Amino acid sequence: MTDSKPLSGKLALVTGASRGIGAATAEALGAAGAHVILVARTAAGLEQVEERIHEGDGSATIAPLDLTDGESIGKLAVAVAERWEKLDILVLNAAMLGSLTPVQDIDPKEYSRLLSLNLLANQALIAAFDPLLRRAERADVVAITSSVGAEPRAFWGAYGSSKAALEGLLGAYADETAFTHKIRVHIVDPGATRTRMPWRAVPGGTPESVQPPEAVAPAIVERLLADAPTGEKYRLEA
């Protein structure tokens, strides 16, 4: 008999949870039985995701905050520790695309904001929640990357370099925590997905030709349930 709630009793935190892959992943985790902490800047979007999780007989808590504010991340970690004491699943999904432009034309201020969210915020999240991850019986960290992180593409230098750095950062964290046999790191490339980000970048694209976020989320949950090694980069097939 298949367990319909395989993540029952688990606590998950998902960033960028107000829409797209983040929202779909949060809903899938909730459907699998996890209590999901929903993190994004916009409370209204988070409330809608929370409502859908509750309608699906799941449970969630919203935590609206700006991930580029390191102090807010620290306060969130303290609040989670006080209420739950541990964290089982951390999904690092929030990111910004920025402008697609030649490397020499990258706007320094925009690039700084992009790196703050796509890279530095993720390091701050790991730093803040590492103690809670270590308290879990088994913890999983999922980082959403992109093919341009490993395969440089013209005009994608800013976004691609942030994802390349993120992969290096998470790979190092996987190596550093492998000895615990408790923390697994998953670097996930979802492939072309029907979210606002790629279609803002390529206005002439056809969203109907690629997978929706709802197709990516179950694959992420399946990955968490599988006996997958730490530090492995995994590309989801459409």
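When I say buried here, I mean under 20% relative accessible area; exposed is over 50%, and partly exposed is in between, with a 1.4 Å probe and protein chains only. Trp156 is buried by that cut-off, and Tyr159 is too.

Quick background. This is a predicted model, so to speak of local features we need pLDDT of at least 70, side-chain atom pairs count only at pLDDT 80 or more, and totals for chains, interfaces and linings use all residues. Residues are numbered from 1 along each chain as its sequence is written, and side-chain values use heavy atoms, with hydrogens and water left out.

Back to the rings. Phe, Tyr and Trp rings (the six-membered one for Trp) pair if their centres lie within 6.5 Å, and planes under 30 degrees apart are stacked, over 60 edge-to-face, the rest tilted. That rule gives 1 aromatic pair. In Trp156 and Tyr159 the ring centres are 6.1 Å apart and the planes sit at 65°, so we call the pair edge-to-face.

Trp156 also has Arg153 over its face, 5.4 Å from the ring centre. For a charge over a ring, I want NZ of Lys or CZ of Arg within 6 Å of the ring centre and within 35 degrees of the ring normal. Another case is Arg223, whose charged end sits over the ring of Tyr234 at 4.1 Å from the centre.

Next, helix α4. Helices (H or I, at least four residues) and strands (E, at least two) are DSSP runs, numbered from the N terminus. Still, α4 bends by about 50° at Phe129, with Pro131 following within four residues. That bend is the angle between axes fitted to the seven residues ending there and the seven starting there. At the N-terminal end, Asp107 caps α4, with a side-chain oxygen 3.2 Å from the backbone nitrogen of Lys109.

Last stop, Ser59, in strand β3, residues 59-64. Is Ser59 buried, partly exposed or exposed? Partly exposed, because its relative accessibility is 30%. Leaving aside residues up to four places away in sequence, Ser59 touches Ala34, His35, Val36, Ile53 and His54, where contact means heavy atoms within 4.5 Å. The C-alpha atoms of Ser59 and Ala34 are separated by 7.4 Å, though the two are 25 residues apart along the chain.

Methods
A polar contact is a pair of N or O atoms within 3.5 Å; within protein, one must be able to donate a hydrogen and the other to accept it, and residues adjacent in sequence count only if both atoms are side-chain atoms.
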